[in-house]
Amino acid sequence: MKIRGWRTNLFRLIMPLAFLAFLLPGFSAMAVEGDATIGGQLYAGSRPMANGGAPCIACHAHPGFGAAGTASYGPDLSNLYTDYGAEGVAGVLESLAFPSMEAIFASRPLTARERLDLSAFFAQTADRKTAPAISLAGLILLGVVSVFAIVALLGLRRLKGVRQPLIDQVRKQRGM
Amino acid sequence: MDIRAQVSSVFHLDKCIGCHTCSIACKNLWTDRRGNEYMWWNNVETKPGTGYPTKWEDQEKYNGGWERVGTQLRLKQGGKAATIGKIFHNPDLPTMDDYYEPFTYKYADLTNAPAGTDQPTARAVSMVSGKPMKIEAGPNWDDDLSGSTVYAANDPGVIELSAEQQQQLFTIEKMVMFHLPRICNHCSNPACVASCPSGAIYKRGEDGIVLINQDKCRGWRMCVSACPYKKTYYGWSSGKSEKCILCFPRQEAGEAPACFHACVGRIRYLGVLLYDADKIEETAMKADGELAAAQREMILDPFDPQVLAAARKGGMAEQIIKAAQKSPVYKFVKEWGIALPLHPEFRTLPMLFYVPPLLPVLSTEHQGTQKLADDFFTSLEQARLPLMYLAGLFAGGNEEEVKAVYRRLIAVRIQRRAETVGDMAEAEVAKARELAGLDSKTLDAIYRMTSLTRIKERIQVPPMLREQAVEAGMDPEEYKQSMGFGSRKAPKRRW
Ligand code: SF4
Ligand code: SF4
């Protein structure tokens, strides 16, 4: 995810800014740009939301997380940034005014910093249009098929008859 | 000490005449059902020979029994993970041809054939497909050395022998054989029990009989491959595995098991042994050659007050202790030391013991008449049935074990000859006794037990106290109606 991110134009734009942030302590606090990496972690749940909200991945599909990122409870977020732009995303993240999300996030709102990081993540990954190539169900199917294949292969090693070869061997010796 | 009782047996191979009465008694009683035609809970094979199923002793092929892995004992066919891996395709099962394809004859053709110039014949038909078949194998196909270029020559024990020793066995005029009747050994470290994924096989607490719960068995057949003696069988109609039940319903009624009762040669002895269950693992871990001795060690003296105190503390009934004190098996195995387990190196600690055959060993150069005691024991080495072969069968390859047994058996004969024929010098007899390490009274007792005893002495069925046990738990009348070998219920689903 990170490596592929390097390829995006947007990220190339961010880089000098990030460098500046490093040079000028205190600048980052004022920065309007979030950290896409942290955003990704928040999205995937490897970094908890400060107020205890659920990570996005629990309900939403997003390319970049492989087969694990195919949750389908909420809408697919692949095109979020392209469709709504930076402001749209920021607005959505601030209110999260969808019935099923409200129940979770009304009492556990995203912090300003988290919103920025998530926005940056969505912006950075905006060009990943491809839906995951293989769904979880596909993976399971593949697993089952390969287990059966292994079983069939092992089955080739089945004990061959014991008695008949003995007879054949004697017949061969006698040239019958 | 954890003292357990085991209904155990001794087969005296010198006395077996290979009549198969035992097999038939068992077949008629228990396995005369569709789908079970091929299974012989009791079979009699000829040695040397490959037996039934073909080459069952060859664990390189069948992967039965236990093996030592480091300090652990492991099923040769693999542990739990391997069992799950093989659950739908067990690669170690014998094929139908290795047992034999069961057959019958079209007897009706003999009487129904239209009149003609030929004698009517009854053709053989397969009991599996119903089609005419060529009979090429049977449960005792190598009986009395028939087909021995195939079967005797491929006996796993014979293959182990040197070319010279094989020659000794197979020189046409001198060819030797003996019969080996086999039933389930009701092992104290049963591989069948350990292998069952359904937990359907168990060893009865009070008498050590190993049984397959027909309600719990799901037909995985792991026991069929795990038992190194191939003494569990899959029932093709019931979809369950079955094995020798040591006629427990007969024993509970005080009767001898059917094969014991029917035995024409009177080779079969039955009685209770007390053993220390805490020693099982340690015993099974011993080196191949030490296993027979270690197993003897595990069996305890039923007169030792310490043993008795421990047995009583463990809740053993007085009747069982009394039965153990009268057990002929204890005498054969421990007191006299003339009975050995079959293939102890499979490490299942079989609880059926064999008196190895002396006859083909002795009928060598001297046409059965022996001169000096010294001669006896030197001639043992040149015996026609190589000692190594017998040691491979009964002592994990340890020839000393077999020799010790033969010294005792020979001493019995010398003493009897001195008494009845009177052509033996007293010094000879004394020497034989000394070599055997047994006194004259014991030798006499062996003679009596092996040749004169009646069935009640040979077969000491212990009081199994089942009725009392049932009464304690439920109405005996209800028990009687709901139990029995024939009950078949759908297995309880566990999900
Ligand atoms: S002989 Fe085979 S079936 Fe019988 S108890 Fe031993 S392992 Fe089990
Ligand atoms: S009935 Fe007895 S003598 Fe006959 S084959 Fe069986 S064990 Fe041997």
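## Briefing: chain B loops, a pocket and the A–B interface

P53(B) sits in the loop that runs between β2 and α2 of chain B. The model is predicted. A cis peptide bond links Y52(B) to P53(B).

**Backbone features of chain B**

- Omega of the bond between Y52(B) and P53(B) is about -10°.
- Another cis peptide bond runs from K47(B) to P48(B), where omega is near 0°.
- P48(B) is placed in the loop between β2 (43-47) and α2 of chain B, and P53(B) is also in the loop between β2 and α2.
- R221(B) has a positive phi, near 70°, and is not a glycine.
- This arginine, R221(B), lies in the loop between β9 (210-212) and α9 (222-226) of chain B.

**The second largest pocket**

- The second largest pocket has a volume of about 660 Å³.
- Its lining has 27 residues, and those closest to the centre are E57(B), E160(B), H343(B), E345(B) and F346(B).
- α19(B) supplies the largest share of the lining, with four residues.
- Sorted by class, the lining of this pocket holds twelve charged, eight nonpolar and seven polar residues.

**The interface of chain A and chain B**

- The size of an interface is often expressed as the accessible area lost when the parts come together.
- Here chain A and chain B bury about 1600 Å² between them.
- Carbon and sulfur atoms account for 58% of that buried area.
- Seven residue pairs are in polar contact across the interface of chain A and chain B, both residues being at pLDDT 80 or more.

**Salt bridges**

- Side chains of opposite charge can pair when their charged atoms come close.
- Over all chains, the structure holds 28 salt bridges.
- Between chain A and chain B the count is three.
- One salt bridge pairs E136(B) with R163(A), at 3.9 Å from N to O.
- That pair crosses between chains: E136(B) is in the loop between β6 (124-126) and α6 of chain B, and R163(A) is in helix α9 of chain A.
- E136(B) also forms a salt bridge with R171(A), with the closest N and O atoms 3.9 Å apart.

Key. Residues numbered from 1 in each chain as written. Chains lettered and ligands numbered in written order. Heavy atoms only, no water. 1 Å grid on protein atoms, 1.4 Å probe; cavity = no way out; pocket = protein on both sides within 12 Å on 5 of 7 lines; lining within 4 Å. Points joined across faces, edges and corners; volume = space filled by probe spheres on them. Helix = DSSP H or I, 4+ residues; strand = E, 2+ residues; numbered from the N terminus. Nonpolar A, V, L, I, M, F, W, Y, C, P; charged D, E, K, R; others polar. Buried area = accessible area lost by both parts, 1.4 Å probe. Salt bridge = Lys/Arg side-chain N within 4 Å of Asp/Glu carboxyl O. Polar contact = N/O pair within 3.5 Å; in protein donor to acceptor, adjacent residues only side chain to side chain.
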